[in-house]
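Trainee: I am new to this structure and would like to learn how to read it. Please take me through it one feature at a time.

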Amino acid sequence: MGDFKKRTTVALILIAILTQFIAFSSVAIPLGKIEQVLQGKVICIDPGHGGTAETDSYRVGPSGEREEWINLRVAVRLGEMLQLAGAEVILTRTSDTFIPLSDRSKIALENKADLFVSIHHNATADPKVNFPIVYFHGSAEENRASVDFGEMVARKLVKHLFKGKGPYSLVSDYTIFSNSGASVLRGTYGIPGIIGEATFFTSPKEEKKLRIPDYNNKEASAYYEAIVTFFEASEAIKISDKEDPSKVDPFEVFQEADRMRPEAKMWKANFLEGKKLLKKGGEAREAEAFDLLTLSARSFPDSYVAKECHELRVEILRRQGKADAVEMEEKRIRYFYP
Ligand SMILES: [Zn+2]
(Lines give C-alpha, C1' and ligand atoms only; values in the text may rest on other atoms or scores of the structure.)
Protein backbone atom coordinates (compact mmCIF):
# COMPACT_ATOMS: atom_id res chain seq x y z
CA MET A 1 0.00 0.00 0.00
CA GLY A 2 1.40 3.45 -0.98
CA ASP A 3 1.90 6.20 1.57
CA PHE A 4 -0.96 8.29 0.25
CA LYS A 5 -3.30 5.33 0.29
CA LYS A 6 -2.23 4.48 3.83
CA ARG A 7 -2.90 8.01 5.00
CA THR A 8 -6.28 8.04 3.27
CA THR A 9 -7.17 4.78 4.97
CA VAL A 10 -6.18 6.17 8.37
CA ALA A 11 -8.23 9.31 7.69
CA LEU A 12 -11.24 7.22 6.67
CA ILE A 13 -11.00 5.13 9.80
CA LEU A 14 -10.80 8.29 11.90
CA ILE A 15 -13.88 9.69 10.17
CA ALA A 16 -15.69 6.42 10.75
CA ILE A 17 -14.82 6.50 14.46
CA LEU A 18 -15.78 10.16 14.72
CA THR A 19 -19.10 9.57 12.95
CA GLN A 20 -19.87 6.79 15.33
CA PHE A 21 -19.02 9.04 18.26
CA ILE A 22 -21.32 11.76 16.95
CA ALA A 23 -24.07 9.21 16.36
CA PHE A 24 -23.41 7.94 19.86
CA SER A 25 -23.85 11.35 21.42
CA SER A 26 -26.94 12.24 19.40
CA VAL A 27 -29.03 9.31 20.63
CA ALA A 28 -32.26 10.60 22.12
CA ILE A 29 -31.66 10.03 25.81
CA PRO A 30 -33.54 12.14 28.34
CA LEU A 31 -30.28 13.63 29.63
CA GLY A 32 -30.59 16.02 32.50
CA LYS A 33 -34.37 16.12 32.52
CA ILE A 34 -35.53 15.90 36.12
CA GLU A 35 -38.31 13.32 36.50
CA GLN A 36 -40.65 14.15 39.37
CA VAL A 37 -41.50 10.50 40.00
CA LEU A 38 -37.83 9.61 40.50
CA GLN A 39 -37.20 12.15 43.28
CA GLY A 40 -36.34 10.42 46.53
CA LYS A 41 -36.34 6.98 44.90
CA VAL A 42 -33.47 4.62 45.61
CA ILE A 43 -32.80 2.32 42.66
CA CYS A 44 -30.41 -0.59 43.01
CA ILE A 45 -28.84 -1.72 39.74
CA ASP A 46 -27.07 -5.06 39.72
CA PRO A 47 -24.74 -5.77 36.78
CA GLY A 48 -24.73 -9.59 36.68
CA HIS A 49 -21.55 -11.65 37.29
CA GLY A 50 -18.13 -9.91 37.13
CA GLY A 51 -14.49 -10.89 37.56
CA THR A 52 -14.95 -14.45 36.28
CA ALA A 53 -12.79 -14.38 33.12
CA GLU A 54 -10.44 -16.97 34.63
CA THR A 55 -13.11 -19.36 35.84
CA ASP A 56 -16.13 -19.10 33.54
CA SER A 57 -15.93 -20.13 29.89
CA TYR A 58 -19.72 -20.30 29.49
CA ARG A 59 -20.79 -16.66 29.65
CA VAL A 60 -18.85 -15.52 26.60
CA GLY A 61 -19.97 -14.77 23.05
CA PRO A 62 -18.67 -16.47 19.88
CA SER A 63 -16.02 -13.77 19.32
CA GLY A 64 -15.02 -13.32 22.95
CA GLU A 65 -17.23 -10.58 24.39
CA ARG A 66 -18.07 -11.50 27.98
CA GLU A 67 -21.58 -11.15 29.40
CA GLU A 68 -20.29 -9.47 32.57
CA TRP A 69 -18.65 -6.69 30.54
CA ILE A 70 -21.85 -5.97 28.62
CA ASN A 71 -23.92 -6.04 31.82
CA LEU A 72 -21.61 -3.48 33.42
CA ARG A 73 -21.64 -1.07 30.47
CA VAL A 74 -25.46 -1.06 30.35
CA ALA A 75 -25.79 -0.77 34.14
CA VAL A 76 -23.36 2.15 34.45
CA ARG A 77 -25.10 4.00 31.63
CA LEU A 78 -28.53 3.38 33.17
CA GLY A 79 -27.22 4.56 36.53
CA GLU A 80 -25.97 7.82 35.00
CA MET A 81 -29.30 8.44 33.31
CA LEU A 82 -31.30 7.82 36.48
CA GLN A 83 -28.99 9.95 38.60
CA LEU A 84 -29.21 12.86 36.15
CA ALA A 85 -33.00 12.59 36.38
CA GLY A 86 -32.90 12.87 40.17
CA ALA A 87 -32.92 9.28 41.49
CA GLU A 88 -30.49 7.90 44.04
CA VAL A 89 -28.62 5.05 42.37
CA ILE A 90 -26.81 2.16 44.03
CA LEU A 91 -24.72 -0.16 41.85
CA THR A 92 -23.76 -3.56 43.25
CA ARG A 93 -20.47 -3.31 41.34
CA THR A 94 -18.76 -0.63 39.25
CA SER A 95 -15.86 -2.65 37.86
CA ASP A 96 -15.17 -6.15 36.53
CA THR A 97 -14.93 -7.71 39.98
CA PHE A 98 -16.53 -10.72 41.64
CA ILE A 99 -19.34 -9.95 44.11
CA PRO A 100 -21.11 -12.87 45.85
CA LEU A 101 -24.85 -13.12 45.13
CA SER A 102 -25.78 -12.72 48.80
CA ASP A 103 -23.84 -9.43 48.98
CA ARG A 104 -25.82 -8.07 46.06
CA SER A 105 -29.19 -8.48 47.75
CA LYS A 106 -27.71 -7.22 51.02
CA ILE A 107 -26.64 -4.00 49.26
CA ALA A 108 -30.20 -3.48 48.01
CA LEU A 109 -31.74 -4.16 51.43
CA GLU A 110 -29.26 -2.05 53.41
CA ASN A 111 -29.84 0.92 51.13
CA LYS A 112 -33.63 0.46 51.38
CA ALA A 113 -33.98 0.29 47.61
CA ASP A 114 -37.37 1.06 46.09
CA LEU A 115 -36.56 -0.98 43.01
CA PHE A 116 -34.07 -3.73 42.15
CA VAL A 117 -32.90 -4.25 38.57
CA SER A 118 -30.45 -7.05 37.77
CA ILE A 119 -28.97 -6.68 34.31
CA HIS A 120 -27.98 -9.77 32.36
CA HIS A 121 -27.65 -11.13 28.84
CA ASN A 122 -28.52 -14.61 27.75
CA ALA A 123 -26.93 -17.69 26.21
CA THR A 124 -28.28 -20.75 24.44
CA ALA A 125 -27.18 -23.47 22.04
CA ASP A 126 -29.03 -22.09 19.02
CA PRO A 127 -27.15 -19.08 17.57
CA LYS A 128 -30.33 -17.86 15.87
CA VAL A 129 -32.22 -17.35 19.14
CA ASN A 130 -32.53 -13.73 20.27
CA PHE A 131 -35.37 -12.17 22.28
CA PRO A 132 -35.78 -10.60 25.74
CA ILE A 133 -36.54 -12.65 28.87
CA VAL A 134 -37.54 -10.99 32.14
CA TYR A 135 -37.80 -12.89 35.44
CA PHE A 136 -39.70 -12.02 38.58
CA HIS A 137 -39.45 -13.98 41.82
CA GLY A 138 -41.92 -16.61 42.99
CA SER A 139 -45.61 -16.54 42.19
CA ALA A 140 -47.15 -13.94 39.88
CA GLU A 141 -50.24 -13.90 42.11
CA GLU A 142 -48.16 -12.62 45.05
CA ASN A 143 -45.37 -10.60 43.42
CA ARG A 144 -47.64 -8.38 41.34
CA ALA A 145 -45.49 -5.24 41.44
CA SER A 146 -42.52 -7.11 39.99
CA VAL A 147 -44.70 -8.73 37.31
CA ASP A 148 -46.02 -5.31 36.30
CA PHE A 149 -42.54 -3.81 36.25
CA GLY A 150 -41.24 -6.83 34.31
CA GLU A 151 -43.92 -6.36 31.69
CA MET A 152 -42.88 -2.73 31.25
CA VAL A 153 -39.21 -3.67 30.94
CA ALA A 154 -39.92 -6.43 28.40
CA ARG A 155 -42.03 -4.14 26.22
CA LYS A 156 -39.45 -1.35 26.28
CA LEU A 157 -36.67 -3.79 25.40
CA VAL A 158 -38.68 -4.97 22.38
CA LYS A 159 -39.30 -1.33 21.45
CA HIS A 160 -35.68 -0.20 21.67
CA LEU A 161 -33.73 -3.29 20.62
CA PHE A 162 -36.12 -5.18 18.31
CA LYS A 163 -37.79 -2.30 16.45
CA GLY A 164 -40.96 -2.87 18.42
CA LYS A 165 -41.51 -6.32 16.93
CA GLY A 166 -41.13 -9.88 18.09
CA PRO A 167 -41.78 -12.03 21.13
CA TYR A 168 -40.61 -11.76 24.73
CA SER A 169 -40.89 -13.91 27.84
CA LEU A 170 -42.01 -12.75 31.26
CA VAL A 171 -41.67 -15.68 33.65
CA SER A 172 -41.03 -16.60 37.26
CA ASP A 173 -37.48 -17.48 38.28
CA TYR A 174 -38.99 -20.84 39.36
CA THR A 175 -39.25 -21.75 35.67
CA ILE A 176 -35.47 -22.12 35.57
CA PHE A 177 -34.59 -22.76 39.21
CA SER A 178 -37.51 -24.94 40.26
CA ASN A 179 -36.52 -25.28 43.93
CA SER A 180 -36.02 -21.73 45.17
CA GLY A 181 -35.78 -19.28 42.29
CA ALA A 182 -32.87 -16.89 41.66
CA SER A 183 -30.73 -15.81 44.63
CA VAL A 184 -30.75 -12.04 44.05
CA LEU A 185 -34.54 -11.95 43.60
CA ARG A 186 -35.19 -14.27 46.54
CA GLY A 187 -32.88 -12.14 48.70
CA THR A 188 -34.61 -8.87 47.76
CA TYR A 189 -38.22 -10.16 47.91
CA GLY A 190 -40.52 -7.35 49.00
CA ILE A 191 -38.73 -4.82 46.80
CA PRO A 192 -40.19 -4.75 43.28
CA GLY A 193 -37.45 -6.38 41.26
CA ILE A 194 -36.56 -8.29 38.13
CA ILE A 195 -33.70 -9.93 36.28
CA GLY A 196 -33.62 -8.63 32.72
CA GLU A 197 -31.95 -10.67 30.00
CA ALA A 198 -32.28 -8.18 27.15
CA THR A 199 -30.73 -10.21 24.34
CA PHE A 200 -28.67 -13.33 23.56
CA PHE A 201 -24.90 -12.84 23.20
CA THR A 202 -24.71 -16.35 21.69
CA SER A 203 -26.14 -14.82 18.50
CA PRO A 204 -23.03 -13.65 16.56
CA LYS A 205 -24.96 -10.70 15.07
CA GLU A 206 -26.21 -9.65 18.48
CA GLU A 207 -22.80 -10.04 20.11
CA LYS A 208 -21.36 -7.63 17.53
CA LYS A 209 -24.00 -5.03 18.41
CA LEU A 210 -23.52 -5.53 22.15
CA ARG A 211 -19.91 -4.37 21.82
CA ILE A 212 -21.07 -0.91 20.63
CA PRO A 213 -21.63 1.68 23.40
CA ASP A 214 -24.44 3.32 21.41
CA TYR A 215 -26.31 0.01 21.42
CA ASN A 216 -25.73 -0.38 25.17
CA ASN A 217 -27.24 3.10 25.55
CA LYS A 218 -30.36 2.02 23.71
CA GLU A 219 -30.78 -0.83 26.16
CA ALA A 220 -30.22 1.50 29.11
CA SER A 221 -32.91 3.81 27.64
CA ALA A 222 -35.34 0.89 27.58
CA TYR A 223 -34.81 0.25 31.30
CA TYR A 224 -34.94 3.97 32.03
CA GLU A 225 -38.32 4.39 30.34
CA ALA A 226 -39.69 1.29 32.07
CA ILE A 227 -38.54 2.58 35.48
CA VAL A 228 -40.16 6.00 34.98
CA THR A 229 -43.38 4.34 33.76
CA PHE A 230 -43.35 2.00 36.74
CA PHE A 231 -43.09 4.78 39.31
CA GLU A 232 -45.78 6.78 37.49
CA ALA A 233 -48.15 3.84 37.74
CA SER A 234 -47.06 1.92 40.81
CA GLU A 235 -48.91 3.55 43.71
CA ALA A 236 -51.56 0.86 43.96
CA ILE A 237 -49.44 -2.18 43.15
CA LYS A 238 -48.61 -4.46 46.04
CA ILE A 239 -46.37 -7.37 46.86
CA SER A 240 -47.96 -9.96 49.15
CA ASP A 241 -46.08 -11.99 51.70
CA LYS A 242 -44.50 -14.91 50.01
CA GLU A 243 -46.13 -18.26 50.43
CA ASP A 244 -44.19 -21.31 49.52
CA PRO A 245 -44.25 -21.68 45.73
CA SER A 246 -42.83 -25.17 46.20
CA LYS A 247 -46.48 -26.13 46.66
CA VAL A 248 -46.21 -26.44 42.92
CA ASP A 249 -44.40 -29.69 42.13
CA PRO A 250 -40.97 -28.89 40.69
CA PHE A 251 -40.83 -29.30 36.92
CA GLU A 252 -37.29 -30.47 36.29
CA VAL A 253 -35.61 -28.46 33.55
CA PHE A 254 -32.27 -28.40 31.74
CA GLN A 255 -29.76 -26.31 33.68
CA GLU A 256 -27.39 -23.85 32.05
CA ALA A 257 -24.79 -26.25 30.61
CA ASP A 258 -27.46 -28.71 29.41
CA ARG A 259 -29.21 -25.93 27.60
CA MET A 260 -26.17 -25.75 25.31
CA ARG A 261 -26.72 -29.41 24.29
CA PRO A 262 -27.84 -30.15 20.70
CA GLU A 263 -31.32 -31.37 21.77
CA ALA A 264 -31.90 -27.97 23.34
CA LYS A 265 -31.78 -26.57 19.81
CA MET A 266 -34.96 -28.55 19.04
CA TRP A 267 -37.16 -26.58 21.47
CA LYS A 268 -39.17 -24.81 18.76
CA ALA A 269 -39.36 -27.81 16.41
CA ASN A 270 -40.55 -30.02 19.27
CA PHE A 271 -43.19 -27.47 20.22
CA LEU A 272 -44.49 -27.15 16.64
CA GLU A 273 -44.49 -30.92 16.06
CA GLY A 274 -46.26 -31.53 19.38
CA LYS A 275 -48.91 -28.96 18.52
CA LYS A 276 -49.44 -30.55 15.10
CA LEU A 277 -49.79 -34.06 16.51
CA LEU A 278 -52.29 -32.84 19.09
CA LYS A 279 -54.42 -31.26 16.37
CA LYS A 280 -54.54 -34.55 14.45
CA GLY A 281 -55.78 -36.29 17.58
CA GLY A 282 -55.79 -39.95 18.59
CA GLU A 283 -54.44 -41.43 21.80
CA ALA A 284 -51.02 -42.44 20.50
CA ARG A 285 -50.41 -39.10 18.85
CA GLU A 286 -51.56 -37.27 21.98
CA ALA A 287 -49.08 -39.22 24.09
CA GLU A 288 -46.30 -38.41 21.64
CA ALA A 289 -47.36 -34.76 21.58
CA PHE A 290 -47.22 -34.69 25.38
CA ASP A 291 -43.61 -35.94 25.34
CA LEU A 292 -42.52 -33.42 22.72
CA LEU A 293 -44.18 -30.50 24.50
CA THR A 294 -42.65 -31.63 27.78
CA LEU A 295 -39.21 -31.84 26.19
CA SER A 296 -39.58 -28.35 24.70
CA ALA A 297 -40.60 -26.91 28.07
CA ARG A 298 -37.75 -28.74 29.82
CA SER A 299 -35.03 -27.75 27.38
CA PHE A 300 -36.10 -24.09 27.15
CA PRO A 301 -38.43 -23.45 30.11
CA ASP A 302 -38.33 -19.67 29.65
CA SER A 303 -38.84 -19.59 25.87
CA TYR A 304 -41.73 -17.60 24.45
CA VAL A 305 -43.54 -20.86 23.59
CA ALA A 306 -43.04 -22.49 27.02
CA LYS A 307 -46.33 -21.15 28.36
CA GLU A 308 -48.22 -22.60 25.40
CA CYS A 309 -46.35 -25.90 25.84
CA HIS A 310 -47.71 -26.08 29.39
CA GLU A 311 -51.22 -25.05 28.30
CA LEU A 312 -51.27 -27.80 25.66
CA ARG A 313 -49.95 -30.32 28.20
CA VAL A 314 -52.89 -29.38 30.41
CA GLU A 315 -55.27 -29.99 27.52
CA ILE A 316 -53.81 -33.48 27.00
CA LEU A 317 -53.92 -34.28 30.72
CA ARG A 318 -57.56 -33.20 30.78
CA ARG A 319 -58.40 -35.48 27.85
CA GLN A 320 -56.67 -38.29 29.71
CA GLY A 321 -58.86 -37.60 32.74
CA LYS A 322 -55.93 -36.78 35.07
CA ALA A 323 -57.71 -34.20 37.23
CA ASP A 324 -55.00 -33.82 39.90
CA ALA A 325 -52.27 -33.26 37.34
CA VAL A 326 -54.48 -30.75 35.53
CA GLU A 327 -54.96 -28.78 38.73
CA MET A 328 -51.22 -28.76 39.49
CA GLU A 329 -50.23 -27.75 35.96
CA GLU A 330 -52.84 -24.98 35.85
CA LYS A 331 -51.41 -23.63 39.07
CA ARG A 332 -47.92 -23.73 37.55
CA ILE A 333 -49.12 -21.62 34.60
CA ARG A 334 -50.92 -19.11 36.85
CA TYR A 335 -47.96 -18.70 39.21
CA PHE A 336 -45.01 -18.85 36.86
CA TYR A 337 -46.24 -17.89 33.38
CA PRO A 338 -48.50 -14.81 33.82
ZN1 LIG B 1 -26.13 -13.66 33.45
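Mentor: Start with burial: a residue is buried if 20 or more other C-beta atoms lie within 10 Å of its own, exposed if 12 or fewer, and partly exposed in between, with C-beta atoms placed from the backbone. Helices (H or I, at least four residues) and strands (E, at least two) are DSSP runs, numbered from the N terminus. This is a predicted model, in which local features need pLDDT of at least 70 and side-chain atom pairs count only at pLDDT 80 or more, while totals for chains, interfaces and linings use all residues. Residues are numbered from 1 along each chain as its sequence is written.

Trainee: How many helices and strands are there, and what share of the residues counts as buried?

Mentor: The protein has 11 helices and 6 strands. Of its 338 residues, 45% count as buried.

Trainee: Which residues of α10 are buried?

Mentor: They are A306, C309, H310, L312, R313, I316 and L317. These residues lie on the same side of α10, because they cover an arc of only 165° around the axis; the arc is that of the directions from the helix axis to the C-beta atoms. For packing, two residues are in contact if their C-beta atoms, placed from the backbone, lie within 7 Å. The buried residues of α10 pack against α8 (267-280), α9 (283-299) and α11 (323-336).

Trainee: What span does α10 reach from its first C-alpha to its last?

Mentor: The expected span of a helix is 1.5 Å times one less than its number of residues. Helix α10 (residues 306-319) has 14 residues and reaches 20 Å, close to the 20 Å expected. After α10 comes G321, with a positive phi near 75°.

Trainee: Which residues other than glycine have a positive phi?

Mentor: Most residues other than glycine have a negative phi. K112 has a positive value, near 50°, and K163 has one of about 50°. K112 sits in the loop between α3 (101-110) and β3 and is exposed, with 11 other C-beta atoms within 10 Å. K163 is in the loop between α4 (144-161) and β5; it is also exposed, with 8 other C-beta atoms within 10 Å.

Trainee: What is the order of the strands in the sheet?

Mentor: Strands of a sheet pair through backbone hydrogen bonds, either parallel or antiparallel. Here two strands pair if DSSP finds at least two bridges between them. The open sheet of 6 strands has the order β2-β1-β3-β6-β4-β5, with mixed pairing. Its edge strands, β2 (88-91) and β5 (169-172), each pair on one side only. For angles, axes are lines fitted to C-alpha atoms, for helices over the stretch in contact, and angles run from 0 to 180 degrees between N-to-C directions. Neighbouring strands of this sheet are turned by 20° against each other on average, direction ignored.

Trainee: How many bridges join β3 to β6?

Mentor: There are 6 bridges between β3 (residues 115-122) and β6 (residues 193-200), and the two strands run parallel. In β6, E197 is the bridge partner of H120, and F200 that of N122. Strand β1 runs parallel to β3 as well, joined to it by 5 bridges, and I45 stands opposite V117.

Trainee: Is β3 enclosed or open, and which way do its residues point?

Mentor: β3 is largely enclosed by the rest of the structure, because 8 of its 8 residues are buried. L115, V117, I119 and H121 point one way, while F116, S118, H120 and N122 point the other. Helix α2 (residues 67-84) lies across β1 (42-47), β2 and β3, running at about 145° to β3.

Trainee: At what angle do α4 and α7 pack?

Mentor: Two packed helices are described by the angle between their axes and the distance between the axes. For α4 and α7 (residues 213-233) the angle is about 145°, with axes 8 Å apart. Among the residues making this contact are F149 and M152 of α4 and Y223 and F230 of α7.

Trainee: Where is E232, and is it exposed or partly exposed?

Mentor: E232 is in helix α7. With 13 C-beta neighbours inside 10 Å, E232 counts as partly exposed. Its C-alpha atom is separated by 6.2 Å from that of V37, 195 residues apart along the chain.
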